[in-house]
Amino acid sequence: MTTWFITGISRGLGLALARAVLAQGDSVIGTVRAGRPEITTGAERLQVLTLDMLDAPAVPAAVERAFALAGGRIDVIVNNAGYGLLGAIEPATDAELARLFEVDVFAPFRIIRAALPRLRAQGSGHIINITSIAGRAPGVGSGLYAAAKYALEGLSASLALEVGPLGIKVTAVAPGAFRTDFLSAHSIRHSAADAAYADSVGRSDAHFTAMAGRQAGDPDQAAQAILALARAEDPPLHLLLGSDALRRFRVKQETMAAEIEAWREVTLGTDYPA
Ligand SMILES: NC(=O)c1ccc[n+]([C@@H]2O[C@H](COP(=O)([O-])OP(=O)(O)OC[C@H]3O[C@@H](n4cnc5c(N)ncnc54)[C@H](OP(=O)(O)O)[C@@H]3O)[C@@H](O)[C@H]2O)c1
């Protein structure tokens with residue numbers, strides 16, 4: 001039986017994952033900001049901690065408590081809690097940026113930092129960071145969210161190199177659009193609208209609003225994918241979830257490769273002569 005620590009199990013992907021982990025007979029220590037998640041099957045193997053990611057000192061304390069509840073050993077840590085911020089970059093405020101990074105970047109970092117001494121002592125563990133396709137192939141109107149998820153992607157990639165030799169695995173899971181509360185008024189935040197960006201950001205905002213509740217991604221299937229990931233002997237550093245994520249990633253990858261190739265001579269011209 002494996003023990004999972006999952007942040008943000010009140011709703012959405014975190015709730016679907018917690019249910020799936022419990023349904024397969026494993027244990028979950030999950031965090032919520034308030035209340036209790038709606039979980040019945042396997043509830044005897046679920047322990048819930050209250051944690052708001054904006055409360056910085058509470059984050060490592062929750063990790064300590066989770067290891068204590070787990071009897072000292074946690075096998076999989078999933079940094080899932082997070083939210084999106086939509087709008088143009090220009091009108092966004094420092095406070096919006098700081099809050100977003102506090103929840104989507106600093107909190108996962110604090111969790112990882114607090115957990116690593118324990119995972120190193122175990123000589124095992126799998127850290128799964130839920131990023132976003134916005135953190136690999138950003139679109140218009142979600143630049144700050146993309147910046148936050150890029151940060152978590154970068155951290156994950158470097159972390160994998162640092163802790164791989166110590167027996168700890170790392171995966172950055174980048175979902176496309178999934179049918180959770182993510183785009184609902186309960187979750188998503190918006191920077192002030194700016195008429196200068198009506199044709200770009202305004203359109204993408206309208207597109208996101210229309211997409212809410214109709215996203216192609218099924219959270220229960222995402223949960224099954226993450227179970228498979230955690231079972232894998234040799235899990236990938238990068239995993240995309242959803243056909244839209246794959247489409248967006250491929251376009252980004254091809255465009256980037258072509259651009260870098262087109263400017264190859266300039267790139268190679270900046271070294272000192274051999
Ligand atoms: N759904 C998508 O289309 C999509 C796409 C790409 C990436 N993602 C990522 O997937 C993850 C899960 O999102 P979701 O789709 O499941 O969205 P969701 O349905 O809105 O759920 C978000 C979860 O994060 C928690 N959370 C938000 N702010 C928090 C805070 N300050 N402290 C503690 N917990 C907090 C929420 O808790 P409360 O119930 O207390 O608010 C909730 O459990 C996020 O990291 C998101 O960026 C989602």
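Which strand is T31 found in? Select residues 27-32 and you have it: T31 is found in strand β2. Helices and strands here are DSSP runs (H or I, at least four residues, for helices; E, at least two, for strands), numbered from the N terminus.

Before moving on, a word on what you are looking at. This is a predicted model, where local features need pLDDT of at least 70 and side-chain atom pairs count only at pLDDT 80 or more, while totals for chains, interfaces and linings use all residues. Residues are numbered from 1 along each chain as its sequence is written, and side-chain values use heavy atoms, with hydrogens and water left out.

**Stop 1: T31**

Is T31 buried or exposed? T31 is buried, because its relative accessible area is 1%. Buried means under 20% relative accessible area, exposed means over 50%, and partly exposed is in between (1.4 Å probe, protein chains only). Now show what touches T31, leaving aside neighbours within four places in sequence: F5, I6, T7, G8, I9, S10, L49, L51 and M53. Contact means heavy atoms within 4.5 Å.

**Stop 2: V63 and helix α2**

Next, select V63, which sits in helix α2. V63 is buried, with a relative accessible area of 3%. Leaving aside neighbours within four places in sequence, V63 is in contact with F5, I111, A114 and A115.

Now colour all of α2 and α3. Their axes come within 8 Å and cross at roughly 35°. Axes are lines fitted to C-alpha atoms, for helices over the stretch in contact, and angles run from 0 to 180 degrees between N-to-C directions. The crossing of α2 past α3 is right-handed. A crossing is right-handed if the near helix is turned clockwise from the far one by less than a right angle, and left-handed if anticlockwise. From α2, select V59, P60, V63, E64 and F67; from α3, pick A107, R110, I111, A114, A115, R118, L119 and Q122, and you have the contact. By class, that is 9 nonpolar, 1 polar and 3 charged residues. Ala, Val, Leu, Ile, Met, Phe, Trp, Tyr, Cys and Pro count as nonpolar, Asp, Glu, Lys and Arg as charged, and the others, Gly among them, as polar.

**Stop 3: α3 beside α4**

For the wording, angles under 35 degrees count as roughly parallel, over 145 as roughly antiparallel, 65 to 115 as roughly perpendicular and the rest as oblique. This crossing of α3 and α4 is right-handed. The contact includes L97, F101 and L116 of α3, and L144, L152 and V163 of α4. The residues of the contact of α3 with α4 divide into 17 nonpolar, no polar and 2 charged.

**Stop 4: the cores**

Which residues have the most contacts inside the largest nonpolar core? Select F5, L116, L119 and I127; the core has 33 residues. A nonpolar core is a set of buried Ala, Val, Leu, Ile, Met, Phe, Trp, Tyr and Cys residues joined through side-chain atoms within 4.5 Å. The elements giving two or more residues to this core are α2 (58-69), α3 (94-122) and α4 (143-163). Of these, α3 gives the most, with 11 residues. Zoom in on L116: not counting residues up to four places away in sequence, L116 touches I127, L159, V163 and I168. Apart from this core lies another, of 26 residues, among them V21, V28, A222 and I226.

**Stop 5: α1 and α6**

Select helix α1 (residues 12-23) and helix α6 (residues 219-231): their axes come within 8 Å and cross at roughly 55°. α1 and α6 are therefore oblique to each other. On the α1 side, find L13, A16, L17, A20 and V21; they meet P219, D220, A222, A223, Q224, I226 and L227 in α6. This contact of α1 with α6 divides into 10 nonpolar, 1 polar and 1 charged.

**Last stop: F208 and D234**

F208 is in helix α5 (residues 198-211). Not counting residues up to four places away in sequence, F208 touches L86, V140 and L183. Finish at D234, in the loop between α6 and β9 (238-241). D234 is exposed, with a relative accessible area of 73%.
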